[in-house]
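Please look over the sequence and the model shown here before reading on.

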Amino acid sequence: MQYLVMDYEYAPLRLPSNVDRLTATAQLTIQAEFGGWELARVRLFPDGTRQVMLRRRISSESQPALSI
């Protein structure tokens with residue numbers, strides 16, 4: 001059996017505790033919509049900060065940069 005391995009590029013982000021969930025969702029949705037990013041992981045820390053990992057497939061075409 002053969003597996004197809006897809007290569008991804010990753011973009012780590014840290015959202016401060018003063019960014020509420022609705023605002024974080026809106027920012028990440030915009031990145032997904034226009035930049036081709038998808039949510040790979042979110043970690044919520046006790047102080048309220050979020051560590052977010054976005055990913056997208058590496059392609060030969062030019063893609064927009066991350067703009068958060």
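Predicted model: local features only at pLDDT ≥ 70, side-chain atom pairs only at ≥ 80, totals over all residues.

Residues are numbered from 1 along each chain as its sequence is written, and side-chain values use heavy atoms, with hydrogens and water left out.

Visitor: In what order do the 3 strands of the open sheet lie?
Guide: Strands are DSSP runs of E with at least two residues, and helices are runs of H or I with at least four, numbered from the N terminus. Two strands pair if DSSP finds at least two bridges between them. The pairing is antiparallel, and the order is β1-β3-β2.

Visitor: Which residue in β3 stands opposite A11?
Guide: β1 and β3 (residues 50-57) pair in the antiparallel sense over 8 bridges. Opposite A11 stands L54.

Visitor: At about what angle does helix α1 run to β3?
Guide: Axes are lines fitted to C-alpha atoms, for helices over the stretch in contact (heavy atoms within 4.5 Å). Angles run from 0 to 180 degrees between N-to-C directions. Helix α1 (residues 21-35) lies across β1, β2 and β3, and its angle to β3 is about 15°.

Visitor: Is R56 buried or exposed?
Guide: R56 is found in strand β3. Buried means under 20% relative accessible area, exposed over 50%, and partly exposed in between, with a 1.4 Å probe and protein chains only. Because its relative accessible area is 7%, R56 is buried.
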